[in-house]
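My entries are below, in the order in which I looked things up.

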Amino acid sequence: MSNRWCEVAEDEPDETGQAPRRHRIAVLALPGVPPFELGIPSRVFGSVQDAEGRPLYTVTVCTADGAPVLSDAGFTVQPAAGPEALAAADTVIVPPTHAMPELGRGGPLPPEVTAAIAGIRPGTRLVSICTGSYVLAAAGLLDGRPATTHWNLAPQFRRAYPTVKVDEDVLFIDDGDVLTSAGVAAGVDLCLHMIRRDHGSAAANRAARMCVVPPWRDGGQAQYIDRPVPAPTVAGTTATRAWALEHLGEPLSLTQLAGHARMSLRSFSRRFRDEVGMTPVQWLTAQRLELAKQLLETTDLSVDLVAHRAGFGSANSLRAHMRTAFGVSPTAYRRTFSPTDLIGARG
């Protein structure tokens, strides 16, 4: 796949005399960094290899001044490098920090962090995980751009950085050379998205398999926002969703779903989105895609029959939906997740 983000620096020649090309990623560890989020880039990008089994990414954990930092778990993080790693990187990833409360008020970055970020080369891909977005915003790198952060802190973020177009209802936002993700596990989703963007779905899916995580959650999927629990006397959509899952192969209209729930179309649509975080049509498509994936992985049914059983009606419809959602055709998905691949992964 041709992509300017795949431009990487050459490492030392291997035993064949060839120099593997690796995309250099620098992860900026700041005081108060949570260990889980700090480790996401190394774990996910470290799982990506080329056809010869050579790593496609080099991940370096660094600090703004090269000195160790204290994590929010109480132990010290010893970096592999200082700010020079940021200057040499093709991608810079900023995990969250829980030790800079002034950023939540729109305050300035520490001088050493400002200087380190200023040394990043123009055109470098910038990425934040969770409240790492505060660091990018404080550096003026999100002005006028769409961005996300942990939903619980979105109101504070919006007040502190009013020029940023905050959307707390998504898992991550890809704005080209600047990408931001929501809290914790959404950082995994964003890393897999970048691998898919750099090297295609097959590489991202293999990395997901190695990390034992779902290979894909759409960036537009809603965060798991704490929403008010509906009053017990008000009808919900749970029973209708269960019924729909048993009839995915049939044509299901919004009118049918609302009728099953004994609600008006407007009430059902509003209620459904409050409970699930997406529209009925989005949810139904996602469930049908999950069923199609299961059938492709576990059966030898033709693509036409898989499409019919999953409720897409035709193979062309299934192909279009899978390419939109996963960037891959049904046949290519089946090849990637064939039984032999699954047996090898278990072994």
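**Entry 1: helix H10.** Working in a predicted model, I began with H10, which has 12 residues and spans 16 Å from its first C-alpha to its last, close to the 16 Å expected at 1.5 Å a residue. I then asked which residues of H10 are buried, and found Phe-268, Arg-271 and Phe-272. Looking down the axis of H10, I saw that its buried residues fall within an arc of 100°, so they line one face of the helix. When I looked for what these buried residues pack against, I found helix H8 (238-245), helix H9 (254-261) and H11. Just after H10, I noted that Gly-277 has a positive phi of about 90°.

**Entry 2: H10 against H11.** Next I turned to how H10 (residues 265-276) sits relative to H11 (residues 280-298), and found that their axes come within 9 Å and cross at roughly 55°. That angle makes H10 oblique to H11, because an angle counts as roughly parallel under 35 degrees and as roughly perpendicular from 65 to 115. On the H10 side of the contact I listed Phe-268, Ser-269, Phe-272, Arg-273 and Val-276, which meet Pro-280, Gln-282 and Trp-283 in H11. Sorted by class, the contact of H10 with H11 has five nonpolar, two polar and one charged residues.

**Entry 3: Pro-280.** Pro-280 lies in helix H11 and is buried, with a relative accessible area of 6%. Which residues does Pro-280 touch, not counting residues up to four places away in sequence? I found Leu-254, Leu-257, Phe-268, Ser-269 and Phe-272. For Leu-254 I also noted the separation from Pro-280, which is 26 residues in sequence and 7.3 Å in space, C-alpha to C-alpha.

**Entry 4: Trp-243.** I went on to helix H8, where Trp-243 is found. Leaving aside neighbours within four places in sequence, Trp-243 is in contact with Leu-252, Leu-257 and His-260. Leu-257 had already come up in my list for Pro-280. The C-alpha atoms of Trp-243 and Ala-261 are separated by 9.9 Å, with the two residues 18 apart along the chain.

Entry 5: Cys-130 is found in the loop between strand E7 (125-128) and helix H4 (132-138), and at 7% relative accessibility it counts as buried. For Arg-262, phi is also near 55°, and this residue lies in the loop between H9 and H10. Arg-262 counts as exposed, at 80% relative accessibility.

**Entry 6: the whole protein.** To close, I looked up the overall totals. The secondary structure comes to 15 helices and 11 strands, and buried residues make up 47% of the 347 residues. Among contacts between residues at least 6 apart in sequence, I noted that 62% join residues at least 24 apart.

Methods. Residues are numbered from 1 along each chain as its sequence is written. This is a predicted model: local features need pLDDT of at least 70, side-chain atom pairs count only at pLDDT 80 or more; totals for chains, interfaces and linings use all residues. Side-chain values use heavy atoms; hydrogens and water are left out. Axes are lines fitted to C-alpha atoms, for helices over the stretch in contact, and angles run from 0 to 180 degrees between N-to-C directions. Helices (H or I, at least four residues) and strands (E, at least two) are DSSP runs, numbered from the N terminus. Angles under 35 degrees count as roughly parallel, over 145 as roughly antiparallel, 65 to 115 as roughly perpendicular and the rest as oblique. Contact means heavy atoms within 4.5 Å. Ala, Val, Leu, Ile, Met, Phe, Trp, Tyr, Cys and Pro count as nonpolar, Asp, Glu, Lys and Arg as charged, and the others, Gly among them, as polar. The expected span of a helix is 1.5 Å times one less than its number of residues. Buried means under 20% relative accessible area, exposed over 50%, partly exposed in between (1.4 Å probe, protein chains only). The arc is that of the directions from the helix axis to the C-beta atoms.
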